[in-house]
Amino acid sequence: MNPPQAGGAPRPVGARQARDLLRVAFGPSLVALVIIAAVTLLQLLIANSDMTGAFGAIASMWLGVHQVPVSIAGRVLGVMPLLPLLVMVWGVARTTAAATAPQASWFVIRWVVAAALGGPLLIAAISLAIIHDAASVLTDLQTPDALQAFTAVLVVHAVGAAFGVASQVGGRLMAVTRAPDWLPDALRAAAAGVLALVGLSGAVTAASLVVHWGTMHELYGITDSIFGQFSLTVLSVLYIPNVIVGASAIAVGSSAHVGLATFSSFTVFGGDIPALPVLAAAPTPPLGPVWVALLIIGAVAGVAVGQQCARRPLRPVAALSKLVVASALAAVTMALLGYAGSGRLGNFGDVGVDQTTFGPAVFLWFVGIGGLTVAMAGGITRPPRRRRAAPTADPEAEDADAGERHAEVFDPPTAPLDDEPDATAEADAVHSDAAAADERADNQRADTVEFAPDAAAAPAQDPSPGPVVPGDLEDPEEHYIVDDGPDPTGGEYPRRTD
């Protein structure tokens, strides 16, 4: 539902979105044009110059903010200050983020990105047309290459739009692209490494300016006017990021150069440098051993990357992947800054950093020192050890054994039917034998006239006893024979004679 206006009528969504798209498309570029126009007109007024070619100068400076080289009287100014470029990227990211709602549809997001790119490209086309028209009057002014101009403007605003959109819908983008869970930590680690490297290099640059204060004072002495010294100060402030990027290259073992002059942590080759006060921070030959300490900055930046990667411990493969991605992103960022801050500076030659060693050096420092920091800070978790299970026999064999044990318990083995004795016949034989034995005993007692102790003591023995039935066994004590002692009946026990 649309929010009501002051009069009670709902506010149209289309008008609000159109206003946001216009702000995204032309807001940062128009602000830059206004500032550039004010500075250009002020310069022309102070120099008591006419306004001829003012629009061409404004258009050239707007393209220069996007690192488009400017050619004047056959001399190419290719190394542009980085500070206006960084401010432009920040402005585009901010306006894009303000126009992108966290729950906006992808259709709206595509329109926001298209506006962030289309507006600056339109202004770039208009600027090229103005420069081409002014070059017909001012022969010293030359029209830049159109393809290079459009590419530079597109890249700058695309980077700003990407930062702005990602700050609002980064989580949704990760869900759609199915990115790994540790990717935000890798981005945070890359940002920490870049900020640590740039910040410490900036501190070293400031300290070097203080040490070389006399050289900086001499460079200010090339002009006696207050306006000239003010212009040199403003120009030095704009080029401070370029100098800091050069110091970062020295800190990781690479080198920076201004024409023939080359600077590194191990050696310095002298040469002519522009009369810009901020360049007084460059080391002068002979190089002292204190500059080797700049390598500590690269190590500290690597520690910052490792600490950010170790905040959430992961398995070895995932932790290594996160560290490599963070180091690669940081190296690419520094390489892009080094490329944007490099170029040709008229008769001085090429100015910038050594691109073949700068990016790889940053990557190696961050991977090496960062990996050591991750290992020491507990950023790697080991997988749990798997316990070996006890060896088990074949399930079929186990079932067979269990069946056999069950049969033995509940179905005891029996003899074959042919060999099994008849229990009834055996019981009848036992009873018949017992009856015959009783009859013989009665006959013997009847025939005996006088009780004989020896006969009473000696039990009658059956010459042919029958089979012994379990349970009717004789008492073992009846077989005991006492050798000595009187007989309780008055006689004597018979003695054993061998």
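**A walk through the model**

Start with the open sheet of three strands, ordered β2-β1-β3 with antiparallel pairing. Its edge strands are β2 (75-77) and β3 (141-142), each of which pairs on one side only. This is a predicted model, so keep the confidence colouring handy while you look around.

Now select residues 70-72. That's strand β1, and it pairs with β2 in the antiparallel sense over three bridges. Show the side chains of I72 and R75: I72 stands opposite R75, which belongs to β2.

Next stop, the second largest pocket. Roughly how much space does it hold? About 1,800 Å³. To get to the middle, select V159, F163, T333, L336 and L337, the closest to the pocket's centre of the 47 residues that line it.

Then colour the elements around that pocket. α3 (82-99), α5 (146-177), α6 (183-211), α9 (240-251), α11 (316-340) and β7 (343-344) each supply at least two residues of the lining. Which of them gives the largest share? That's α5, with 13 residues. Switch to colouring by residue class and the lining of this pocket splits into 33 nonpolar, twelve polar and two charged residues.

Finish by colouring on pLDDT. The protein chain has a mean of 79, and 74% of its residues reach 70 or more.

Terms used:
Residues are numbered from 1 along each chain as its sequence is written. This is a predicted model: local features need pLDDT of at least 70, side-chain atom pairs count only at pLDDT 80 or more; totals for chains, interfaces and linings use all residues. Side-chain values use heavy atoms; hydrogens and water are left out. Two strands pair if DSSP finds at least two bridges between them. Helices (H or I, at least four residues) and strands (E, at least two) are DSSP runs, numbered from the N terminus. pLDDT is the predictor's confidence in each residue, from 0 to 100. On a 1 Å grid over the protein atoms alone, a cavity is a set of points where a 1.4 Å probe fits but cannot get out, and a pocket is an open set with protein on both sides within 12 Å along at least five of seven lines; lining residues have an atom within 4 Å of a point. Grid points are joined across faces, edges and corners, and a volume is the space filled by probe spheres set on the points. Ala, Val, Leu, Ile, Met, Phe, Trp, Tyr, Cys and Pro count as nonpolar, Asp, Glu, Lys and Arg as charged, and the others, Gly among them, as polar.
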